[in-house]
Amino acid sequence: MMLVSIDSIPGKNFEALGLVKGTIVQSKNFGRDFMASLKTLVGGEIAGYTEMLNEARQIATKRMVDEAEALGADAVVGVRYGSSAVMQGAAEVVAYGTAVKFKA
């Protein structure tokens, strides 16, 4: 499955099949959350949250691809990601784009 953030694929003609998306709300365990709160005292990257968001993006992307494959898509164009805090220590990540089928 080809995933691109641009709205077209050079050299390819395609028809749009529809919007596809994947979403997840994910949190870290209490131990990592506690360690992250200590890290805010000294500054720097909070690796536990970086890992959490990377994992959440991978899961959201997989769910989006699964939805596109169910439509018979060859690619997803205009891929975008969004995230928001749902509660302290938990974030929602959404991946979305347009599923397309290549024309011969």
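Me: Which residue of strand 4 stands opposite V77?
Reply: T98 does. Strands here are DSSP runs of E, at least two residues, and helices are runs of H or I, at least four, numbered from the N terminus. This is a predicted model, where local features need pLDDT of at least 70, side-chain atom pairs count only at pLDDT 80 or more, and totals for chains, interfaces and linings use all residues. Residues are numbered from 1 along each chain as its sequence is written, and side-chain values use heavy atoms, leaving out hydrogens and water.

Me: How many helices and strands does the protein chain have?
Reply: There are 2 helices and 4 strands. From the N terminus, the order is β-β-α-α-β-β.

Me: In what order do the strands lie in the sheet?
Reply: Two strands pair if DSSP finds at least two bridges between them. Here 4 strands form an open sheet in the order 1-3-4-2, with mixed pairing. Strand 1 (2-3) and strand 2 are the edges, each pairing on one side only.

Me: How many bridges join strand 2 to strand 4?
Reply: Count 13, with the two strands antiparallel. One place to look is E15, whose bridge partner in strand 4 is K101.

Me: In which sense do strand 3 and strand 4 pair?
Reply: They are antiparallel, over 10 bridges. A85 faces A91 of strand 4. The two strands make a hairpin with 2 residues between them. In that turn, G89 has a positive phi of about 85°.

Me: Which strands does helix 2 touch?
Reply: Contact means heavy atoms within 4.5 Å. Helix 2 packs on the sheet and touches strand 1, strand 2, strand 3 and strand 4.

Me: Which residues make up the largest nonpolar core?
Reply: A nonpolar core is a set of buried Ala, Val, Leu, Ile, Met, Phe, Trp, Tyr and Cys residues joined through side-chain atoms within 4.5 Å. Buried means under 20% relative accessible area (1.4 Å probe, protein chains only), exposed over 50%, and partly exposed in between. The largest core has 12 residues, including V20, I24, M64, V76, V79 and V93. Helix 2 (47-70) gives the most, with 4 residues. Another core lies apart from it, with 5 residues, among them V4, A75, V77 and V100.

Me: What does M64 contact beyond four places in sequence?
Reply: Its partners include L3, V20, V76, V79 and A95.

Me: What share of the protein chain is buried?
Reply: Of its 104 residues, 29% count as buried.

Technical notes: Axes are lines fitted to C-alpha atoms, for helices over the stretch in contact, and angles run from 0 to 180 degrees between N-to-C directions.
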